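Hi,

Here is the structure I promised to pass on. Have a look at it first, and then read my notes below.

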Amino acid sequence: MDTITTALVLALAVVLSGWVSRALPVALPLPLVQIALGAGIANIADLGVELKPDIFFLLFLPPLLFLDGWRIPKEGLFRDATTILELSFGLVIFTVLGVGLFVHWLIPSMPLAVAFALAAVVSPTDPIAVSAIAQRVPVPRRLMHILEGESLLNDASGLVCMQFAVAAALTGTFSLIDATGTFVWLAAGGIAIGTGVTWAVTRSKNWFARTFGEDPGTQILISLLIPFGAYLLAEHFHCSGILAAVAAGITMSYAEQTGQAMALTRVSRAAVWDTVQFAVKGVIFVLLGEQLPTIGAGAAQVVRDTGHSDPAWLMMYVVAISAALIALRLVWVWVSLRFTLFRAALRGEVIRKPGWRLVAVTALAGVRGAITLAGVLTLPLVMEDGLTPFPARDLAIYLAAGVIIVSLVIASIALPFLLGKLKLPPEPAREEEEDMARSLVAEAALRAIETHKRSGGDDLEDAALYADVAANIGDFYRQRIRDKSADGEGREAVRRAYQIERELRLAAIRAERMEILRLRRSRQISEEVARKFVRELDFIEARLMSA
């Protein structure tokens, strides 16, 4: 019962965090609200949560990494692949070496291997935290895609580097040659297993759905199990479960392009995964707040062992490490940008030189979040002998938690100011691409209608009805094709007409829903009929809202 009660309290805290975040007069990042609620829970009640590293890693990381890989825009990932790779791999190694050495110099009592582990775990960034901060001042689309791609890959690279550092701390030895070979095996095996598991599962479920019919609940549950299956299988073969989860998510995005799942399955699955992401990330930050008093006490003891009696040194360490992270990221982004411009000049390309604000935004947008916290909490409790405590574990967790909070606060203050005046080179307009797509799908719809009309209706009466209905539907698609050929003021008028039509349709749908609910309250229709109508209206409204 204690475990169930704790889980319910954490879930309730996540729910409250969403309400509190929306009710606040300032745009405070949601993770900060969740950390504060967790700290409040710790002051009110002792939940006695004992975080076991292996279980924590398994429960929280696979679904988050899988969903990141599934949903990241692949076009932006490939278009800016060089920039993303420079940030997600080059910057991670640069951060691990630079911050690791700096932390060991700053806190000599922390072993070098543990300092490298801490540096590795604070290297991954969290785009969800950035988007939460930039609610009122949106991050430019291309920059957000770069940050998402960086986060997707540096999650894996940072956590793999942490595993090497932890292994060195446990064994006391480190071989670059052995580490390189191990990394190749971890990476190649993890990617292969993640890809293979997703491919095999999706092929099997698609065959079963075609043969025996599709059940949305089963399809959703399968998607939830895939990241855990890929992670556990990779770990069984001593490969990277982290990379397996990422590869599984990327493979899932391509497997779903076949469009074999029903619309209802896709809508329901998206809602379930949104909830899972919100709940998992929220629980991680609430747990951080709940653990802070205990972590702080252990970290303070480590600081006292170094000869500093004032616990304020803890905050000084956090600020110093946060400043080092920002400085190293700023240097790397500036050098990377110069290198990109140099290569473009060699190719004869003319590229508008971005201003200093873009460099500053990219540097400050390196906010740490759920992956950093999940990773640092997996530090071993004891050494290989099973008795000796892992050195400076509480201090490392406290410093990582402090870096998360400081990076969120700095970004929440600085990003809105910088983004509000940021001028980026114009991005290619997507209007022509959307117009072309609308025209092509309209033509495909007309062909399907014509084919279905010829095949439908066994008698003359049915044939006439098919012809009348097909003509009405065809007029809608033919009008869409004619609208595509408009230009200038005509095209603007068409877009305005679409906007007005959308507003009117939304108003009509909402009125329909209110009438359905009124009929249900007055018991003029059954609950089953009301639920069916409301579900249909919800689907139509969701499509219009996303248009």
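**What I found**

Val20 is partly exposed, because its relative accessibility is 33% (buried means under 20% relative accessible area, exposed over 50%, and partly exposed in between, with a 1.4 Å probe and protein chains only). Keep in mind that this is a predicted model, where local features need pLDDT of at least 70, side-chain atom pairs count only at pLDDT 80 or more, and totals for chains, interfaces and linings use all residues. Residues are numbered from 1 along each chain as its sequence is written, and side-chain values use heavy atoms, leaving out hydrogens and water.

Val20 sits in helix 1 (residues 2-23); helices here are DSSP runs of H or I with at least four residues, numbered from the N terminus.

Now for the inside. The largest nonpolar core has 103 residues, a core being a set of buried Ala, Val, Leu, Ile, Met, Phe, Trp, Tyr and Cys residues joined through side-chain atoms within 4.5 Å. Helix 16 (residues 393-420) gives the largest share of this core, 16 residues. Among the residues with the most contacts inside the core are Met110, Ile321 and Leu399. Another core, of 13 residues, lies apart from it and includes Phe66 and Met252.

Is Arg510 buried or partly exposed? It is partly exposed, because its relative accessible area is 37%. Arg510 is 28 residues from Asp538 in sequence, and their C-alpha atoms are 9.3 Å apart in space.

Cheers

Technical notes: Helix = DSSP H or I, 4+ residues; strand = E, 2+ residues; numbered from the N terminus.
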